[in-house]
Amino acid sequence: MSAFDLTLLLGSAVALVAVAAARLGSRAGVPALLLFLFVGIGLGSSGLGIDFSDATMAHNLGFAALVLILAEGGLTTKWSSVKPVLGMGLMLATVGSLVTIAVVGLFGYFVLGLPRSVAFLFGAVVAPTDAAAVFAVLRAVPLPPTVRAALEAESGFNDAPTVLLVIAGTNYAIGVQPAGGVIGLAGTVVLELASGVLLGIVMGWLGVQIMKRLSLPASGLYPLATMAWIVFTYGLGELAHGSAFAAVFVCAMILGNAQLPHRHATRSFAEGIGWVAQIGLFVMLGLLIEPSRITLHDVLIGLLLVAVISLFARPAAVFVSVVWFHVPWREQTFLSWAGLRGAVPIILATVPLASQMPKADELFDIIVIFVIVSTLVQAPSLPIVARWLGLENPYAATDVDIEVAPFEERRADLLQVNIPAGSKLAGVAVRELRLPPNAIVALIIRGDESFSPDGHTTLLKGDEVLVVTPANVRDKVERRLTDLGRGGRLAMWHRGGRRWTRAQRRAHAQARRLQAQADKPAGTAQ
């Protein structure tokens, strides 16, 4: 067997083991990302003997994986949820990160006795929350959209400034002074962030215009073109010396919220790519770890760092960032506990390691301990904390799932609407949907049967409903179906701005009785 074929064999075996670890982790309540890390440790020099110690390659591959993870996060982030909390998310990503750096830097300088430059580099490495951990863990917790959106916006945007600060801090620690001192460094960070966001907006807008007019021969090419466009945006950001990570997240969010063809397939493809990036990233970082090098001193410092960030740095960062937005104490408490760290601090720790900074390997080992312990403590407890604080969102698992497929020349769209258990769209008659003009319910798939409905047909949970709509009113149709799924017949009638009458409320109660009868065995009637 050639070396290339052997690499394919081992690579696919590792991927299968990692996928099995994800399933095992979901059952045992252990974060799957950590299991991937342990898979890499098991394959490394202390396990099966695979030797991987190239910090520069780990740094480059880690940044590449982070691009794909941020792309997936941006594509699946809803602008309608992010918009109300965008200011809060940006404050957490910038001011919150600076507060964390300051607290951890003071801890490193006064308690650990580190040199000032190394102490604040230490803070910059652990400051960012991790996009992979946030997107993978938080979306399984039924949170209010605003809380989830604030955390996702923070994790999407805080990588950009902290990467710049870690690179500058590493240079400063090895004796390279930043041009213009601290003021010059701050100006550079702000300029690169602003240019990265601007580039992301421009590339996102251009991508939407191109994708809408691009008629590709196969639907599977749309997700591939979207991801390629986002990676192309990252390359332009690096070429222009802007914040490429900020450009990636902004561009992906614009593309993910636009009326693009095969939007659901694109998001599913991005989710798969994101999982591949996370698996590869954590396995690679596991290979880079040498357990035999980790001392009891490193473990103790790592545990102290977990306590300092969880009890002091993160709550202070959240308070300073959100106090201006009048956030309720329950949400503020959850934000303080949900600052998940994952691969990003380990990736950033490879920057001083690749620069051969003195004692960089010790810093790397401490960060590894910190990430493992904090993730084991925080991630499994998030559903419990959300429940304790009364923040569970009742619509998290009941919103209808709408997929869009364009007809030729984009003049009309076909919506595929899946009605989950708990959705109030179940029990609503077709005539009561009151969709915009020329939008019609063409087909209902119920179990093994499919039929064309009339106005009296009642929708049931588990139904797959096909709706044909003119492209120019598709947004109204989606909003109407989502509102009905959450409020039933009592949802606001968007066309007239009226609420339902008493007679309509009585009809709603009658439909619920019909739904209860339909839930009985053999209940497949209209």
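This is a short tour of one chain, stop by stop, with something to select at each.

**Before you start**

You are looking at a predicted model, in which local features need pLDDT of at least 70, side-chain atom pairs count only at pLDDT 80 or more, and totals for chains, interfaces and linings use all residues. Residues are numbered from 1 along each chain as its sequence is written, and side-chain values use heavy atoms, with hydrogens and water left out.

**Stop 1: the whole chain**

Colour by secondary structure to begin. The chain has 20 helices and 5 strands; helices (H or I, at least four residues) and strands (E, at least two) are DSSP runs, numbered from the N terminus. Of the 526 residues in the chain, 50% are buried. Here buried means under 20% relative accessible area, exposed means over 50%, and partly exposed is in between, using a 1.4 Å probe and protein chains only. Taking contacts between residues at least 6 apart in sequence, 76% join residues at least 24 apart, where a contact means heavy atoms within 4.5 Å.

**Stop 2: the salt bridges**

The structure holds 4 salt bridges, each being a side-chain nitrogen of Lys or Arg within 4 Å of a carboxyl oxygen of Asp or Glu.

Glu154 sits in helix 8 (residues 145-157) and Arg314 in helix 14 (residues 296-322), so the pair ties together parts that are 160 residues apart in sequence. Both residues, Glu154 and Arg314, are buried.

Next, select Asp463 and Arg446, whose side chains meet in a salt bridge at 2.8 Å, N to O. This pair links distant parts of the chain, 17 residues apart: Asp463 is in the loop between strand 4 (449-451) and strand 5 (464-470), and Arg446 is in strand 3 (residues 440-446). Are these two residues buried or exposed? Asp463 counts as buried because its relative accessibility is 1%, and Arg446 is buried too, with a relative accessible area of 9%.

Then pick Glu478 and Arg474, which form a salt bridge at 3.0 Å, N to O. Glu478 and Arg474 are 4 residues apart in helix 19 (residues 474-487), so about one helical turn separates them. Glu478 and Arg474 are buried.

**Stop 3: helix 14 against helix 15**

Two packed helices are described by the angle between their axes and the distance between the axes. Show helix 14 with helix 15 (residues 329-337): their axes come within 8 Å and cross at roughly 130 degrees. Axes are lines fitted to C-alpha atoms, for helices over the stretch in contact, and angles run from 0 to 180 degrees between N-to-C directions. Helix 14 and helix 15 are therefore oblique to each other; angles under 35 degrees count as roughly parallel, over 145 as roughly antiparallel, 65 to 115 as roughly perpendicular and the rest as oblique.

To see the contact, select Ser310, Arg314, Pro315, Val318, Phe319 and Val322 of helix 14, together with Gln332, Leu335, Ser336 and Trp337 of helix 15.

**Stop 4: helix 13 against helix 16**

Now show helix 13 (residues 263-288) and helix 16 (residues 343-354), whose axes come within 11 Å and cross at roughly 50 degrees. That angle makes helix 13 oblique to helix 16. Leu281, Phe282, Leu285 and Leu288 in helix 13 meet Ala343, Ile346, Ile347 and Thr350 in helix 16.

Staying on helix 13, select Thr266. Thr266 counts as buried, at 8% relative accessibility. What does Thr266 touch, not counting residues up to four places away in sequence? The answer is Tyr222, Pro223, Thr226 and Pro261.

**Stop 5: Met357**

Move to the loop between helix 16 and helix 17 (360-378), where you will find Met357. Met357 counts as buried, at 6% relative accessibility. The C-alpha atoms of Met357 and Ile174 are separated by 6.1 Å, although the two residues are 183 residues apart along the chain. Leaving out residues up to four places away in sequence, Met357 touches Leu121, Ala173, Ile174, Pro352 and Leu363.

**Stop 6: two loop residues with positive phi**

Finish with His326, in the loop between helix 14 and helix 15. Phi of His326 is near 55 degrees, a positive value in a residue other than glycine. His326 is exposed, with a relative accessible area of 72%.

Asn438 lies in the loop between strand 2 (412-418) and strand 3. Asn438 is not a glycine, yet has a positive phi of about 70 degrees. At 67% relative accessibility, Asn438 counts as exposed.
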